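Please look over the model below.

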Amino acid sequence: MSLSDSESSSHGGAEYKLFRQTSRDRLLLEMLGSTRIGDSKSTWKVLIMDKVTVKVMSHSCKMSDITDQGISLVEDLFRRREPMPSMDAIYFIQPSKENVVMFLSDMSGREPLYKKAFVFFSTPVSKELVNHIKCDTSVLPRIGALREMNMEFFPIDSQAFTTDHDGALGELYGENAENSRQFDACLNVMATRISTVFASLKEFPYVRYRAAKTDASAATTFRDTVPTKLATAIWNCMSKYKSIPNFPQNPTCELLILDRSIDQIAPVIHEWTYDAMCHDLLDIDGNKYVLEVPSKKGGAPEKKEVLLDENDPVWLELRHSHIADASERLYEKMTNLKKNKAAQMQQNARDGAEISTRELQKVVQALPKYNEQVEKLSLHVEIAGNINTMITEMGLRELGQLEQDLVFGDAGGVEVINFLRTKQDAPSENKLRLLLIYACVYPEKFEGDKASKLMQLAKLSEKDMKAVTNMRLLVGSSVTKKTTGSFSLKFTNQKTKQAARKDRTGEEETWQLFRFYPVLEELIENLNKCELSKNEYSCMNEPNSTIQSETKKGSARTSNAPVAPIERKAPAHSMRSRRTATWARPHHSDDGYSSDSALKNASMDLKKMGQRIFIFIIGGATRSELRVCHKLTAKLRREVVLGCTSLDDAPRYITKLKMLSDGEAPTTNGSRF
């Protein structure tokens with residue numbers, strides 16, 4: 001029996017693996033695979049997890065992956081279980097007292113539930129609990145392994161994870177949040193889970209964070225100090241990990257801790273990628289979408305569940321593309337697929353043409369894959385068609401143009417008021433999102449009774465307008481001191497009140513309504529160039545100039561970015577004004593399929609990378625920010641990993657804003673198993 005951490009590392013001579021692939025391999029190979037030794041090599045085992053670790057597992061692995069590692073049954077630690085004394089058990093659990101007590105209850109006495117137990121803890125286990133286990137002399141000989149996996153984060157993308165704190169916005173930034181017992185508990189669990197990311201990857205970060213402002217004209221609140229407190233808690237956790245064998249003693253990557261106040265426009269503006277539009281407009285539960293498709297038997301439409309994730313090569317290719325580009329490319333793929341050899345032979349057979357035995361054999365061999373491709377593409381064509389119909393019916397193009405004009409200073413109050421007057425029947429949510437953007441760019445328009453007049457013009461309820469007034473709770477010291485009852489909204493750090501963004505020079509051409517970019521993009525680029533303001537972004541372990549230079553170069557692993565392919569000219573009268581950025585177009589075939597898995601393909605493109613950049617956003621991240629992380633990974637040749645308390649779509653985020661002053665928090669999503 002030994003208490004040890006992983007000896008694997010993402011560095012060295014090993015093939016570079018993306019963040020999520022590393023997490024998956026650790027769970028399957030390092031944890032489950034390590035138990036297949038000696039007399040346990042060929043036997044089936046039981047996997048026992050608690051409520052948290054089952055989420056960790058389900059976010060990285062499929063059930064089929066687990067069974068491939070010799071797991072015949074997955075059990076809940078706290079449910080009544082049948083004794084299986086001839087089988088070994090693997091425990092993947094949090095190191096809590098109640099979990100350890102339950103484990104000891106299973107394995108102690110003359111008749112334990114299982115033959116042998118392999119115990120893996122999701123976070124560091126205290127000496128007291130280890131001693132408690134060692135004191136049970138009947139259990140000790142039955143333990144095959146006792147290890148700290150240090151994996152209590154939840155991958156949601158090849159380059160993103162959450163800490164599963166869906167209610168963090170309310171728990172940390174709500175009214176009277178500081179006085180609640182949830183405040184410290186939320187921060188501590190968050191810090192522990194973030195730290196396990198670095199412990200798992202064998203990375204030691206420079207810990208940077210958005211610092212509390214010291215402007216004498218502003219009132220500093222506890223909300224200003226949330227990133228600072230989280231950074232301190234993470235630093236304390238990471239300091240303990242330095243005692244792990246083979247753990248880096250010097251920084252190997254960058255971590256930047258932010259909160260939602262850095263950009264309050266990104267969560268509410270309409271993002272026009274296929275991914276964002278799917279989650280914004282369609283009824284999607286996590287990554288599951290139920291679609292009605294025509295019945296193959298000619299009856300009523302059938303319901304089909306679609307998983308929009310990285311295992312779908314069509315989704316992987318198109319998710320970051322503009323919805324118009326995605327629609328066009330789906331049409332092209334369907335057209336090209338119809339030219340497929342198998343399709344031609346199948347059509348010839350229907351037309352009565354003679355087909356040789358060899359040709360017929362080829363058709364039979366090709367048809368299953370062909371039919372699968374047709375079905376997958378047809379589903380995406382249907383989804384994209386539904387989205388485009390909704391865009392037209394809801395008048396989103398006009399609204400989207402106004403939103404972006406507001407952000408870039410090309411529109412103001414006159415245009416907003418005119419829209420609200422002429423679009424009385426527009427969905428309330430869309431009008432509210434417009435007002436939220438308006439408040440960010442023109443905060444003075446919401447002082448005094450101006451907000452009430454806008455509310456009446458937009459025909460919104462007081463509950464809806466709570467989302468606007470509660471934005472001040474995220475701003476902290478940006479709320480100017482005043483003795484009157486009104487407050488001044490100052491949502492951004494922009495010097496001008498006329499624009500929240502400036503057009504970026506030197507950017508690859510994009511489609512219409514693809515002008516917006518989140519603040520995070522500039523922050524990551526500045527971090528990469530070591531140009532972040534030290535006054536606004538402090539560092540727990542400030543690097544010296546030599547290390548800064550090495551980091552800026554991306555270390556010895558950096559290689560030149562691939563040359564962008566030649567873009568074809570847009571046809572006349574096209575909907576687009578500019579083309580989709582080439583970073584969003586990974587290697588793919590005409591039909592959107594490839595022979596290898598999505599994660600494997602991604603890792604092959606990223607063999608020589610610089611040091612990783614980790615971003616963590618308290619209060620939730622957006623799909624536009626996730627898109628930026630993928631974009632900058634290709635551009636900077638450094639893997640950018642996005643961490644967040646939750647990944648929110650606009651409706652969900654607005655609901656959270658409304659609840660900030662109610663002292664409520666949304667419920668957390670459950671397991672995906």
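**Helix crossing, rings and loops**

H20 passes H23 in a right-handed crossing; a crossing is right-handed if the near helix is turned clockwise from the far one by less than a right angle, and left-handed if anticlockwise. This is a predicted model, in which local features need pLDDT of at least 70 and side-chain atom pairs count only at pLDDT 80 or more, while totals for chains, interfaces and linings use all residues. Residues are numbered from 1 along each chain as its sequence is written, and side-chain values use heavy atoms, with hydrogens and water left out.

Helix H20 covers residues 519-528 and helix H23 residues 623-636. Helices (H or I, at least four residues) and strands (E, at least two) are DSSP runs, numbered from the N terminus. The axes of H20 and H23 come within 10 Å and cross at roughly 30°; axes are lines fitted to C-alpha atoms, for helices over the stretch in contact, with angles from 0 to 180 degrees between N-to-C directions. The two helices are therefore roughly parallel, a term for angles under 35 degrees. In contact (heavy atoms within 4.5 Å), residues of H20 including Leu520, Ile524 and Asn528 meet residues of H23, among them Val628, Leu632 and Leu636.

Phi of Arg637 is near 60°, a positive value in a residue other than glycine. Arg637 is buried, with a relative accessible area of 9%; buried means under 20%, exposed over 50% and partly exposed in between, with a 1.4 Å probe and protein chains only. Asn176 also has phi near 60°, but is exposed at 58%. Asn176 sits in the loop between helix H6 (168-173) and helix H7 (181-201).

The whole structure holds 15 aromatic pairs. Rings of Phe, Tyr and Trp (its six-membered ring) pair if their centres lie within 6.5 Å; planes under 30 degrees apart count as stacked, over 60 as edge-to-face and the rest as tilted. Phe19 and Phe161 have ring centres 5.6 Å apart and planes at 45°, so this pair is tilted. Phe19 is in helix H1 (residues 19-32) and Phe161 in strand S7 (residues 160-162), 142 residues apart. Both Phe19 and Phe161 are buried. Tyr438 and Phe446 make an edge-to-face pair, with 5.6 Å between centres and 65° between planes. Phe19 and Phe161 also belong to one aromatic cluster with Phe153 and Phe616.

Conventions
Parallel < 35°, antiparallel > 145°, perpendicular 65-115°, else oblique.
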